[in-house]
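Please report on the strands, the ligand site and some single residues of this model. Keep it brisk.

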Amino acid sequence: MVTNSVAKELSTELKQKIESRTARVGVIGMGYVGLPLALLFSGEKFNVTGFDIDPTKVEKLTAGTSYIVRIPSEGIQGARQQGFTATANYSQISDMDAIIICVPTPLDEYREPDLSYITKTAESIAPHLRAGQLVVLESTTYPGTTEEVLVPLLEKFNRVGLKAARNGQVDHGVFYVAFSPEREDPGRTDIERHDIPKVVGGLDQRASELASALYGSIFRRTVPVSTPAAAEMTKLLENIYRCVNIAMVNELKLLCLRMGIDIWEVIDAAKTKPFGFHAFYPGPGLGGHCIPVDPYYLSWKAKEFDFQTKFIELAGQVNTDMPYHVVTSVAKALNGHKKAMNGSKVLVLGVAYKKDIDDLRESPALTILELLQREGAEVSYNDPYFPFVGRGRHYDLQMKSTPLDNLGEFDCVVIVTDHSDYDFPRIVADAKLVVDSRNATRGIKASNVLHC
Ligand SMILES: NC(=O)c1ccc[n+]([C@@H]2O[C@H](COP(=O)([O-])OP(=O)(O)OC[C@H]3O[C@@H](n4cnc5c(N)ncnc54)[C@H](O)[C@@H]3O)[C@@H](O)[C@H]2O)c1
């Protein structure tokens, strides 16, 4: 049994190590969230170790090479000089003072939470836990995951019977646990990551203080909340807010198209209101690891409380229908040119789920490509970020990006992702027919463009 004073000394020691930048930070999952986080800590002179089960990522990081477009290799090389290393070897967990988990939280085939990455991580790190360490979960998930899933596994599988510190009762608690959601918006350049306040919810007061101290060294502001569940729910509120508002504006776009009103003009006018309105934009459907996925984590959990999350379900329905709307619009546009979809050559511009990023996860372009193929179209795509699209969790396309030098050979060009690299006036000039789901051709007067 660990006495109160021992636990206090351990937490004081960890806090001092954080403040003096001598704490060793382990980040688990070197993906879109974990790698930039590791680099932020490294930039603040912490000694950082990145853990990943993907040997290619470990090799590339060890060689000082980036695999994420917006992270230059020089950033990794700079971190390497600062002591940053990458490994798949979990025994190094015992050398860490703070361990931050950034592994995926997708949906399974029944659109239910797939926590297997979190549970596998917990089972892998637990045997190497030692007293006084701080473990923080950053993966987006339903309220209760940290306390009901992560902590029991860490307690069950550690070799020396360590317990998580709870409710200030530290007599048998010797490691600290918190949840802190990642809030970045990939591709966004108008706000630095360290300027996004970091929400932190510890399992007990001391865990909150330690997590706040840790994140306070790289973020300008931390926002402590009372429990991990409150922090988990905060992230879901933010993403459900986006999901529902995007669905609303998507639905209004469909109505505006029918009424002959330009929804984009309407949004621009509405957003001049200095209060009470935040602009959301319609598009070809939701994409990315977050907005199409996270709300379902909550609707699944809500069932345990005999509660139906109606807004989430409705927003899901509207947003899921958007790729189908794009394909119907392509058929309509071709019809206007006396052409059938079956046998037409269709080029999809942009497969990333949003502009200027190299992320394909849950992209509506994948559904659009498959639906077009199903209708018998001869489909090609172009994306400067994806020279090849092979197999993913829900698709198997095996297609190569087509160069844009012969647009006139396609019966229709569909703008799905409005990457800044695209020269839209030229595309409209060269293509026979353009279907624009992003308003990328705004301001271009041409009879061959159909907005959808
Ligand atoms: N990408 C975003 O913009 C974003 C924003 C906010 C929150 N999130 C959340 O952050 C979490 C991570 O997302 P991401 O986009 O970084 O995912 P990602 O797929 O880019 O990266 C996850 C990494 O974890 C690794 N991994 C999986 N299991 C592992 C294990 N057992 N041990 C070690 N490494 C393991 C994978 O190999 C991969 O490199 C998710 O919960 C996501 O919802 C993501």
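Two strands pair if DSSP finds at least two bridges between them. Helices (H or I, at least four residues) and strands (E, at least two) are DSSP runs, numbered from the N terminus. The model is predicted: local features need pLDDT of at least 70, side-chain atom pairs count only at pLDDT 80 or more, and totals for chains, interfaces and linings use all residues. Residues are numbered from 1 along each chain as its sequence is written, and side-chain values use heavy atoms, with hydrogens and water left out.

Strand β2 covers residues 47-51. Of its 5 residues, 4 are buried. Buried means under 20% relative accessible area, exposed means over 50%, and partly exposed lies in between (1.4 Å probe, protein chains only).

Strand β1 (residues 24-28) runs parallel to β2, and 5 bridges join them. In this pairing, Ile 28 stands opposite Phe 51. Between β1 and β2 the chain passes through helix α2 (residues 34-43), and this β-α-β crossover is right-handed. The term applies if, with the strands pointing away from the viewer, the path from the first strand over the helix to the second runs clockwise.

Strand β2 also pairs with β3 (residues 85-87). These two run parallel, with 3 bridges.

Gln 92 sits in the loop between β3 and β4. Its relative accessible area is 25%, so Gln 92 counts as partly exposed. The C-alpha atoms of Gln 92 and Phe 51 are 9.1 Å apart, although 41 residues separate them along the chain.

## The ligand site

The shell around the ligand holds 27 residues. A residue is near a molecule if one of its heavy atoms lies within 4 Å of it. The closest are Val 33, Asp 52, Lys 57, Tyr 90 and Thr 105. By class, the shell has 13 nonpolar, 7 polar and 7 charged residues. Ala, Val, Leu, Ile, Met, Phe, Trp, Tyr, Cys and Pro count as nonpolar, Asp, Glu, Lys and Arg as charged, and the others, Gly among them, as polar.

| Residue | Protein atom | Distance to a ligand oxygen |
|---|---|---|
| Lys 57 | side-chain N or O | 2.8 Å |
| Val 103 | backbone N or O | 3.4 Å |
| Thr 105 | polar side-chain atom | 2.6 Å |

Taken alone, the ligand exposes 830 Å², and the protein buries 93% of that. Accessible areas come from the Shrake-Rupley method with a 1.4 Å probe; for residues, only the protein chains shown count as cover.

Where is Thr 105 in the chain? Thr 105 lies in the loop between β4 (98-101) and α5 (116-125). Its relative accessible area is 2%, so Thr 105 is buried. The side chain of Thr 105 also reaches the backbone oxygen of Thr 140, at 2.7 Å.

## Strand β6

Strand β6 (residues 176-179) is covered on both faces. Tyr 176 and Ala 178 are buried on one side, Val 177 and Phe 179 on the other. In a regular strand the side chains alternate between the two faces of the sheet.

Strand β5 (residues 134-137) pairs with β6 in the parallel sense over 4 bridges. Strand β7 (residues 198-202) runs antiparallel to β6, with 2 bridges. Ala 178 takes part in both pairings: Val 136 stands opposite Ala 178, and Gly 202 in β7 is its bridge partner.

At the start of helix α3 (residues 55-62), a side-chain oxygen of Asp 54 comes within 3.0 Å of the backbone nitrogen of Thr 56. Gly 64 follows α3 and has a positive phi, near 75°.

Most residues other than glycine have a negative phi. Glu 362 has a positive value, near 60°. Glu 362 lies in the loop between β9 (345-349) and α12 (364-374). At 29% relative accessible area, Glu 362 is partly exposed. Asn 439 also has a positive phi, about 60°. Its loop runs between β14 (434-436) and β15 (449-451). With 10% relative accessible area, Asn 439 is buried.

Thr 417 is in the loop between β13 (412-415) and α13 (424-430). Is Thr 417 buried or exposed? Thr 417 counts as buried because its relative accessibility is 0%. Its side chain reaches the backbone oxygen of Ala 352 at 2.7 Å.

Technical notes. A polar contact is a pair of N or O atoms within 3.5 Å; within protein, one must be able to donate a hydrogen and the other to accept it, and residues adjacent in sequence count only if both atoms are side-chain atoms.
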